[in-house]
Amino acid sequence: MEEIFLQEGQHFLIRARFIFHHEGPPLIDGAVEIRDKNIVNLGPYRNLKREASRAKFIDSEDCVILPILVNSHVHLELSPLRFRIHPSGKFTLWLRQLLKKRSQLSPIEIRESSKIALRELLNEGTGLVGEVTNTALTLDILREAPLCAYIFQEILSFQGSPSLNELKDQEPCIRITYSAHSPYTVSPLAIQAIKSYNQKRKKIFCIHCAESPEEIEFLKDGTGHIANLLKERGRWSDNFVPPGTSPVKYLDTLGVLNQNTLLIHCVHLRDEDFEILSTKNVWVCLCPRSNLYTGVGLPDLPRFLKYKIKLVLGTDSLASNDRLSIFEEIRTLLNFYPQVSALTLLEMATLNGAKLFGFENQLTLKKGSLANFLVLSPPTFTSDQPEEVLRSLILSERKIEYRFYAH
Ligand SMILES: [Zn+2]
């Protein structure tokens, strides 16, 4: 991959056989004109070619231009656990391995592995990450990196309500706030306090939700593997009254679901839950390869689409995935749900993530945005239909030839 870090004063014209962008239908034989790090024109090559003599011209022939990708859910600090936790047929078996091995990690190990993982994110075409951290060890790494980040300082507190000091955004490409780990590790009062902190500051409230059958069982009657684990670890609270409902219904009852809420996973939902998510206009991040790794099953993507729920994609951490590749997440969903459009999945992985985290000007591929995008080597073209081209591009795992940075 050739990385092009754009500077003020530069003028480029890049031609490609296909351009998947955010202004309208994909372009065939299109071009992107960049001036001073911004996309100043996007259209058919025949309309833009007069610029070719004045700009630095890159004729990428049969290549395909795609928007930069958004990985909406990662935990970089768990990167040292790659290949050290076995894929599991049961969520709590995976969780027990995670808790044991995470406690043995040193800060140096976490930092060094996170730097390697960050390089992998860049190589995989990622321009924005939704990063969850408990240690804050990844903050500096992300601040220095040529990508945008929405950082969630995650709270685990099943016994009472935490004090939330003010977290300030300092760089234009980095936002920081608090998130709650899950309905089974954070008390109802703390969940409401974290939501309230975010709501007042117009930030995103994020929480893992409805990931495993064990979570469903725990919220229904307060028993099972999760209850045992909390008791063993001294985290149980006698004040906790199981709500007797689904995780989504429980969070709705707490009043924390709205258009600024992001639920991670949502693998185990009932019809009523889909209706709540749709009515409350909640965002959901699907992490299908992590779900397969931890043995919880796959999210019901067709049903999410039927209910028109706002979706984004994430890899989750290298403790429950072997790659940090959004292309690989799309490939997995295309393999399991071939009836779903590749164009829809690309939108989830680009525009939706940029909208969710408020980075549309930096990350969308349209006139007026900063020029962050990818040029991929061509698939075997069997058709000029955009859906077919994109599907074959993603399924055949084409290489990223160029990555343009306008950071
Ligand atoms: Zn996670």
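Which residue takes a positive phi in the hairpin of β3 and β4? Hold that thought until point 5; here are my notes.

1. Ground rules. What you have here is a predicted model, where local features need pLDDT of at least 70, side-chain atom pairs count only at pLDDT 80 or more, and totals for chains, interfaces and linings use all residues. Residue numbers start from 1 along each chain, following the sequence as written.

2. Overall build. The protein has 16 helices and 16 strands; both are DSSP runs numbered from the N terminus, helices being H or I with at least four residues and strands E with at least two. Its C-alpha trace spans about 75 × 40 × 40 Å along the principal axes. The radius of gyration is 22 Å, which agrees with the value near 22 Å for a compact globule because the protein has 407 residues. That radius is taken over C-alpha atoms, and the globule rule is 2.2 Å times the number of residues to the power 0.38.

3. Packing. Of the 407 residues, 47% are buried, meaning that 20 or more other C-beta atoms, placed from the backbone, lie within 10 Å of the residue's own. Among contacts with a separation of 6 or more, 71% link residues 24 or more positions apart. A contact here needs C-beta atoms, placed from the backbone, within 7 Å.

4. Two domains. Domain 1 covers 2–67 + 365–405, and domain 2 covers 69–357, with bounds from an automatic or database domain assignment. Their C-alpha centres lie 32 Å apart. Where they touch, domain 1 brings 14 residues and domain 2 brings 13 residues. On the domain 1 side, α16 (386–395) and β16 (400–405) each give at least two residues, and α16 has the largest share with six residues. That side divides into nine nonpolar, two polar and three charged residues. Nonpolar means Ala, Val, Leu, Ile, Met, Phe, Trp, Tyr, Cys and Pro; charged means Asp, Glu, Lys and Arg; the others, Gly among them, count as polar.

5. Strands β2 (residues 11–19) and β3 (residues 27–35) run antiparallel, joined by eight bridges; strands count as paired if DSSP finds at least two bridges between them. In this pairing, F18 sits opposite I28 of β3. β3 also pairs in the antiparallel sense with β4 (residues 38–44), over six bridges, and A31 stands opposite G43 in β4. Now the opening question: the hairpin of β3 and β4 has two residues between the strands, and D36 takes the positive phi, near 50°.

Notes
A residue is buried if 20 or more other C-beta atoms lie within 10 Å of its own, exposed if 12 or fewer, and partly exposed in between; C-beta atoms are placed from the backbone. Two residues are in contact if their C-beta atoms, placed from the backbone, lie within 7 Å.
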